[in-house]
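Reader: I would like to go through this model and ask what lies behind the terms used for it. Please set each value against its cut-off.

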Amino acid sequence: MEINVDIGGTFTDCFASTAGTVATAKALTTHHNLSQGFLEAISDIAGQLGTSPDELLGDASAVRYATTLGTNALIERTGPPLALITTSGYEDVVPIGRCRSWGDGKSGAENRDLSRAERPVPLVPREMIVGLHERIDHSGRVLVPLREDEVRERIQDLVDLGARGFVVSLMWSFRNPEHELLVRRVIEEEYPSSYLGRFPVILSHEVSQRAGEYARSMTSILNAYLHRFTGDKLSELRDELRTRGYTGPLMLVHNTGGMAGLSRTAPLQTMHAGPVAGLFGARRMAETFDFEKVVTTDMGGTSFDIGVVVKGSVRFYEFNPVVDRWRVQMPMMDIKAVGAGGGSIARYEEHAGLAVGPRSAGSTPGPACYGTGGTEATVTDANLVLGYLDADTYHGGAMKLDRRRAERAIDRAVARPMEISVLEAARAIRQVVDNNMADAIFKEIVLKGYDPRDFVMFSYGGGGPLHACGYAEVLGVQSVIVPPHAPVFSAAGAAGLDLLHIYERSAHIVLFDPLFKTVLEDFDKFNATVDEFVSQAQEDFGDDGFAADDVELQLELDVRSGNQLYVTTIKSPVLRLEGRDDLAAVLEAYFAEYSDRFGEFAVIREIGVSIETIRLRASVDQARWGVGQREPATAGIETLRRGERECYWERSRSVEPTPVYDYDAIAPGHEIPGPAILEGPDTTVVLYPEWTARMDDHGFLSLEKEEAAA
Amino acid sequence: MNPATLTDAPTSTPETEAFFADLLQAQPVMYGPDPSIVGDHRLAPRTPSEEDALRRVTNDVDLVIASNRLEVICESAKEMLEQIGAAPGAKWGDLTCGLYTASGDLAVATSTGVVVFAVVASPIVKYIVKNWANEPTVGIRPGDLFYHNDAHYGGVHNADQTLFIPVFHEGRLLAWAGATIHEGENGANEPGGLSPSATSPYEEGLRISPMKVGENYTLRRDIVNLFQNHMRDPLLQLMDMRAKLAAAKRIEDRVLEVATEQGGDLVLATLRHQLERTEREVRRRLSEFPDGTYRGITFGDTTLLEDRMIKASCELVKTGDQLLVNMTGSAPAILDRAINAGLPLSKALVHNDLMNFFWADLPRNNGFVSAVDFVIPEGSIFNATKEVPVGLSMLSTMFLHTATHLAMTKMAFNRPGTTEITAPWYAMVQGLFYGGLNQWNMPVANLMTDINAMGGAAHRDRDGEHAAAPFFAALADYGEMEDRETELPLLGLWRKINKDNHGYGRQRGGASVECAYMVHGVPMFALGCMATGAKFPTIPGLFGGYGGPSTPVSVFRAESPEAVRKVMAERPDLVPDSAQQLHATKPFPGTYETRRPTQSAAFYGEGDLWVLQCGGGGGYGDPLDRDPEAVMQDMRDELLTDWVAQRLYHVVHDDELVVDPDATAAARAAERRDRLERGKPYDEFVAGWRRDEPPEGVPYLGSWSWEEPAPAERVTEVAEA
């Protein structure tokens, strides 16, 4: 038995599998003690399988764990008081945050408004930042040596001010770490662990080997800030599992799309791990079913998350992501969130027309139809008015919806100002939000250099299948897949992860000098870095009991042309540069990637090429994800029919009686023509006219437009 | 000549008249800047195609959806351009991707970064449409590529270059796709494209009037070569021309998809609708402010080459939904200094204030400016003609921007609606520019992005943000010093907020930074700078708040690189981290100077050091009303000297920065009494204060009264050091 858990802000999802058997469970997340919600989900699963929780854990061979709770620690500012020690003259690097930090993590609309620019409360206040007289240049040469007595004095000052953790981030420390190491030595001498306990001392060069003093400092600060969270809460959970008889490792899902044990996990690597597990699950499924290009869409109450997965490509990584409000340096799988969800509020203004979102009614007060105090018209209200949601069966009947309230809200906010009927207004709200989601997908895909029409779309989350036909039609996408276990999809995705470590370092290496018409001849610097990474990877995996042969290595390079400011990341066709053939292969791979991504018009070979970052991905295949088999249908679709209701369809521009089917009863062999509503306790699929739904042997429901289905 | 022949009935045949008409008008010597285009900020009239399209497409939801899609298309092209461009501007937001109507009005512009493009870019396309469509040697056909940088035809300044592609659908010109980047280097007489020492347009580098540079989506290599031939950085020129082509082409491809799937009429109608709707909404919002006349005045303190007080005068007359912006009384054009500004940019800076600080939610398109009326007298520094240099037009229009903000804020104060009432944001580019070979032997020439560190304005209810953004681009980035040191032969000795570098007040302005660059790793490197405000501060405060301080530059010339290195290696404690410390302790052997921040480029040797100071934002309200604890926190945060805390905030505290509340209250009461004693009745004040002419010894340009325009001037004296 393998157990995969995704702890979200509200729910703890659990997906357990063993040969041929799958069980899923949901429990409320217990923030004060994570193991409580976790064990509740385990008990549920144990109940389903007819065993006890302790027995289940005793038999488990793996526990994989994804959590986004670090986000809460950041938002609630529950981290320890930290001090930042930096180079004199650079004390304001973090407070200023490259000027733009006020807008990092905010929406596009907020980013336009200079008159409301406001930075978040800092994680390290200015008075807890000190500069040391020292300087190293870009080549690693010491220009101003660091004096030990100055370090001692400044450390004392900071401890007197209440520092309970130190981040040391000095200029160019990743080129030459001697000054940062000196600071740590002094701290350890002055305040041995008996005094400071587990207060962290984080050196920036150990956190990131990339240039950029702000992003490196911020990455280090976040790791220090979340240190206690991983240190305490996660080891508590591990200990709890141990006492209940679990003997295997606790593997943590990383936002890189891999996983590792607790001791090899930096706190930042756990941020957004849940959605990343979902994206990675989609990637595994895409590989299994041989889809080249997949876009995942997850529509919740307030946001719409988009992930792009393309076979063999590195374009779905963000290398300088923003975590909460802070820009950091680490490779993270790229998931874009836009403000479109069931709670998105619709309003009409003469100058802007009908707008839907990004403001959301959330779950409180919620859409007008919840009857919990919300009065604004939302997407959920529109779906109710259009007949796509049913007032009595929403969330398996757990929440009654009030259609009258929905109509009133839509009438007031949209129908009357636009001088149209409530039904027409509901249709317009849905049309605008579907197009907003389609636009967001379009932008993500086009920016990565692809055409949306070449993609297969995965749709999950509460609202995804409800709108999938809508945004797919806008984009010209012909095929949508609703995966099995959609409600616990992220937890299920964790089963497909590898063990993964990523090693990276800034390195300016000119491959082709356009002025002197020379190409790189001395490969030693390049190879030395790669060799160092390879032996580090073998050592790290060796500690976990893996042989060198088990470790798969993939070299990635950040490359740029001329004095270009951004870099383009490529998969290197070679691990080491042994000769001119290898160099040519790297250059050709770069030109090909560049052309594919930005178009042939942008390609420019003649202005020089340099490497800026060397990155090694070392992984060990641990994927256990297997697709279960479903029993074929034994009866026709009429047996699934639960009745019919009036739903709006564009073809008649009015409501039509539409069949409603039981989603959970659909089996392989069933073929349901649109228009139809497929309704389960957690999932509602709105199947448009000209679309057909089919269940495959593995529980994947595919929705296909007729032309493609033919 | 017998005068009678002039008035007698014509003796010529119609054929003869046609001959003369052709001789005199059909073949201009040159298609120069067209005053009827650059002077007209209104939307072009609806074309018959637009009328038709608007008749056919009436569904408001379709228009909203199409306009969102067109915006996403331009946004994604802009983000791509940021990724593949090479000019510093490409990364820091000084670029735009836009979609123009077939007549040339910019209808969809990308929404972050520099917003003034929304106002200045349209005249360029209008020029192309007017002059080249029917010119047999040029013409406008699918796949044609047009290019431009000369600000006399439109645009911000010659450092910006734009590539345009006409978008044809089913044989009809539907729109124009454009991609603009602040490239910097353009072959002017100083590196980086913004030359303070240019005394005529002919010293301002390559001047590309709107022209065709390629066909079938292919740039003509001989033309690109001509451009490169003018530039100090030919690699940059080549790379970014291709980058702009790729971005504009991507816009064209995607717009054509929309047109093919949903009809060209939808695109036409959406663009026009967007423009007209924006204009209507600007007028509606204006109508909500109280009618009246509001004024703002600011001053620059340099012509670029010598000290002068240069007046920017902005009077707003607001009646109903009409706003008249009158710049009468501003300084005259200075015919041989590059600080003049053309009409499009002068109007654009007024709109920058509206777009960034008043109504950030509205689309940034040409409809915005079309809603406002202007009076900008001929001969004004804000109405430059073709023969006047304009390379540093931003500088004069920046203090015009501040004057506008003061007047607009007074207008909005009583009925702000959703407008945030703030003191002036710091509004001047403290621009260090550079040129030479870097430590990797690559040629580089451009402008430092530290200009983005402008201090934010104080608000009515909170302090300003430190070093938050340039006032003209909301989300700009000044980058990482380690990246800069990788690319340039410079060592950043410090980039840090210096004390007292913001406007004081009940709410203080946001502070900004000093940046110190030492030449490092090459024998010599050229550095220069441009800005005003060394002697007379650039921005005032609001409603009793203080303006930011003046911002001179410091220049250190090393006796030798070895001598500097020796001090750094042996006396780490002497290495300074502020200009104040540099001048006070003079730690390195060599010469120390303070200069005005407009300095022509010159070569500096290894170990030489430049310190430039970006300015802080204006304060809001009386400093005596500031919470004493907030003043102490400013001191703990190293924003403030004790001198200011005591003399201006009148806070009494001990060495541990603990406030003595009673002593502070007493000190503040005493200061209020002193003020009353210093005060005079208004008429008495006016009688004592008013002068009929500028004070002797203050070099001054501009009218001395509101009504009287000032004559154009040529500065002929030898420039001061």
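Author: Start with strand β9 (residues 166-169) of chain A, which is covered on both faces. The model is predicted.

Reader: What makes both faces of β9(A) count as covered?

Author: A residue is buried if 20 or more other C-beta atoms lie within 10 Å of its own. Phe166(A) and Val168(A) on one side are buried, and so are Val167(A) and Ser169(A) on the other.

Reader: Which strands does β9(A) pair with, and in what sense?

Author: Two strands pair if there are at least two bridges between them. Strand β5 (residues 83-87) of chain A is joined to β9(A) by 4 bridges and runs parallel to it. Strand β10 (residues 201-203) of chain A also pairs with β9(A) in the parallel sense, over 3 bridges. Val168(A) stands opposite Ile85(A) and opposite Leu203(A) in β10(A).

Reader: How do you know how the span of helix α17 of chain A compares with the expected one?

Author: Helix α17(A), residues 524-543, has 20 residues. From its first C-alpha to its last it reaches 28 Å, close to the 28 Å expected at 1.5 Å a residue.

Reader: Why are the buried residues of α17(A) said to line one face?

Author: The buried residues are Phe526(A), Val530(A), Phe533(A), Ala537(A) and Phe541(A). Seen down the axis of α17(A), they fall within an arc of 60°, so they line one face of the helix. An α-helix has 3.6 residues a turn, so residues three or four places apart point the same way. The buried residues of α17(A) pack against β24 (498-513), β26 (552-561) and β28 (609-620) of chain A.

Reader: What is on the other side of α17(A)?

Author: Asp524(A), Ala528(A), Ser535(A), Glu539(A) and Asp543(A) are there, and they are exposed. The cut-off for exposed is 12 or fewer neighbours.

Reader: What makes β14 and β18 of chain B edge strands?

Author: The open sheet has 5 strands in the order β14-β15-β20-β17-β18 (chain B), with antiparallel pairing. β14 (490-497) and β18 (590-595) of chain B each pair on one side only, and they are the edge strands. 7 bridges join β14(B) to β15 (residues 513-519) of chain B, and Arg495(B) stands opposite Cys515(B) in β15(B).

Reader: What makes the peptide bond from Gly357(A) to Pro358(A) cis?

Author: Its omega is near 0°. Pro358(A) has its place in strand β21 (residues 353-360) of chain A. The bond from Gly674(A) to Pro675(A) is cis too, with omega near 0°.

Conventions:
Residues numbered from 1 in each chain as written. Chains lettered and ligands numbered in written order. Predicted model: local features only at pLDDT ≥ 70, side-chain atom pairs only at ≥ 80, totals over all residues. Helix = DSSP H or I, 4+ residues; strand = E, 2+ residues; numbered from the N terminus. Expected span 1.5 Å × (residues − 1). Arc of directions from axis to C-beta. Contact = placed C-beta atoms within 7 Å.
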